[in-house]
Amino acid sequence: MSKTLIVSDNEILNQLYMINLEVYLGTNVSLVLSTQKAVELVKDNHSFDLIITMNMINGLDSAAALHEFLIDNNFEIPLVVVGSPIKEIPNIIVVQSSFNLQNLLRSCADILKVTAKNMASLDVPDFYAVHSKFLMRLKEAPCSVFLQMKKSSDEINHIMIAKKGSGLTHILRKFSDEGIETFYVNKLDRLTVINQISKILCDFIKNTEHLGIVEKSVALQAGFEFAASEFCLTPEVATEIMSIATVCTKVMEEMAKEIPGLKALLQLLNSHQDGYVYTHSILASYVASHIVKNVSWGGEGHLEKINFVLFFHDIMLAPIYLKHPSLKYEEDLLFSDDLNEKEKETVLNHARLAAEVIINYKRAPMGADLLIKQHHGMTNGIGFAIEFKDDISPLSKIVLISEAFVEEYMKEKDNDPKYQIDLRFINNKLLEKFKKSAYKKIIETLNTIHL
């Protein structure tokens with residue numbers, strides 16, 4: 001079996017790369033979190049067939065450092081660099097997008113001489129985990145469903161609790177009452193389950209046209225949760241996530257048109273205590289809808305693209321908010337003692353990471369990846385702007401202002417639960433924060449938002 005070394009300190013990518021390289025290429029993967037650790041490991045163990053490194057790790061040009069180390073020590077180990085190297089490096093393979101798994105696997109397969117026939121015959125993990133809240137949407141089991149049981153400290157059994165075609169709801173509720181919410185399906189049935197859940201969710205969301213705002217909000221919340229849970233999985237899931245995103249985007253537009261005013265939307269979201277990412281996105285969608293209708297250059301096509309962006313822009317943060325439900329406000333996450341360093345790095349890079357996934361989605365609106373990357377005012381999608389310049393696109397400015405409006409409201413609400421939204425107060429805060437005239441013209445449209 002071949003041996004591959006991954007050099008990466010990104011927690012999400014580490015899991016993604018290890019699983020896919022082991023499953024699809026059958027290579028034995030080792031992981032180190034720093035360039036120095038990689039150098040030490042290669043010195044001790046010369047037998048790696050491939051090294052994959054992020055271009056930058058902790059501010060260090062890892063690609064250049066590893067290439068120089070390999071050359072100086074006459075190690076003929078192929079080097080794959082994820083991301084654009086700072087300077088040109090000869091005899092390396094570059095995969096530009098960190099979430100383009102197909103390109104990464106294809107490049108590594110060529111190096112490791114793994115053919116499509118080899119890949120088809122590889123052993124893959126026997127069982128795939130599915131959360132009960134998604135399985136609950138299936139009236140009948142699309143395949144056998146299993147419960148994972150530990151037989152001993154090093155042995156795990158999977159016991160079938162439902163066979164194909166049998167009812168699911170009653171038995172899932174029984175286990176959920178006992179605190180068991182994760183179930184498993186056979187490796188060969190994974191895509192069948194994802195496809196069926198996706199189809200049911202899409203049908204549910206598509207058919208909300210004649211439902212009330214409350215029901216539409218429930219449907220949207222389900223779409224957000226499913227997309228977030230499957231977002232970083234292997235490429236074949238992308239089509240299903242895009243189907244969810246497409247129908248959710250349309251419902252977001254419908255809600256913005258049908259809600260009688262901002263206060264009604266706030267009341268709805270407050271009464272259901274929905275997750276921060278979802279609440280934040282829906283409010284920003286409503287505000288953005290008003291802005292687009294009131295800037296001279298706005299149009300319906302812009303609104304569709306903005307809603308798509310708001311569906312995906314913070315999706316990398318969903319697991320962090322799920323793990324730390326008491327935390328809010330992305331910039332504050334960076335200074336929280338509750339987050340580890342890897343989680344903080346995800347926060348810092350979440351715009352760039354989400355944009356890199358979206359650019360590979362064929363059905364994404366043109367330019368949506370750019371808007372996601374710029375939604376904190378940074379052209380490279382890393383960090384949060386302190387001074388807001390004119391070097392981002394006009395639509396990115398609308399997203400930025402919409403989010404800032406929502407955050408100002410939510411902060412006031414946190415300080416005073418009885419707070420009633422004050423447009424003049426919030427807009428003055430925004431004018432203090434955004435100094436450039438292009439931003440101020442957008443903020444001025446918020447004076448007429450319907451409460």
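At what angle do helix α2 (residues 35-44) and helix α3 (residues 62-72) pack, and how far apart are their axes? In this predicted model, the two helices pack at about 20 degrees with their axes 10 Å apart. Angles under 35 degrees count as roughly parallel, and α2 is therefore roughly parallel to α3. The crossing of α2 past α3 is right-handed. On the α2 side the contact involves T35, A38, V39, V42 and K43, which meet S62, A65, L66 and F69 of α3. Of the residues in this contact, six are nonpolar, two polar and one charged.

Aromatic pairs form a second topic. Their count comes to six, and two of them are set out below.

| Pair | Distance between ring centres | Angle between planes | Geometry |
|---|---|---|---|
| F127 and F146 | 5.0 Å | 70 degrees | edge-to-face |
| F434 and Y439 | 5.4 Å | 25 degrees | stacked |

F127 belongs to strand β8 (residues 127-131) and F146 to strand β9 (residues 145-152), so their pairing ties together parts 19 residues apart in sequence. F127 is partly exposed at 27% relative accessibility, whereas F146 is buried at 13%. In the other pair, F434 is buried at 1% relative accessibility, and Y439 is buried at 0%. F434 and Y439 also join F388 in a cluster linked by ring pairs.

Helix α18 (residues 394-415) contains L395, a residue that counts as buried at 11% relative accessibility. Beyond its neighbours within four places in sequence, L395 contacts W297, H302, K305, I306 and L371. I306 is 89 residues from L395 along the chain, and their C-alpha atoms are separated by 7.4 Å.

Terms used:
Residues are numbered from 1 along each chain as its sequence is written. This is a predicted model: local features need pLDDT of at least 70, side-chain atom pairs count only at pLDDT 80 or more; totals for chains, interfaces and linings use all residues. Side-chain values use heavy atoms; hydrogens and water are left out. Axes are lines fitted to C-alpha atoms, for helices over the stretch in contact, and angles run from 0 to 180 degrees between N-to-C directions. Helices (H or I, at least four residues) and strands (E, at least two) are DSSP runs, numbered from the N terminus. Angles under 35 degrees count as roughly parallel, over 145 as roughly antiparallel, 65 to 115 as roughly perpendicular and the rest as oblique. A crossing is left-handed if the near helix is turned anticlockwise from the far one by less than a right angle, and right-handed if clockwise. Contact means heavy atoms within 4.5 Å. Ala, Val, Leu, Ile, Met, Phe, Trp, Tyr, Cys and Pro count as nonpolar, Asp, Glu, Lys and Arg as charged, and the others, Gly among them, as polar. Buried means under 20% relative accessible area, exposed over 50%, partly exposed in between (1.4 Å probe, protein chains only). Rings of Phe, Tyr and Trp (its six-membered ring) pair if their centres lie within 6.5 Å; planes under 30 degrees apart count as stacked, over 60 as edge-to-face and the rest as tilted.
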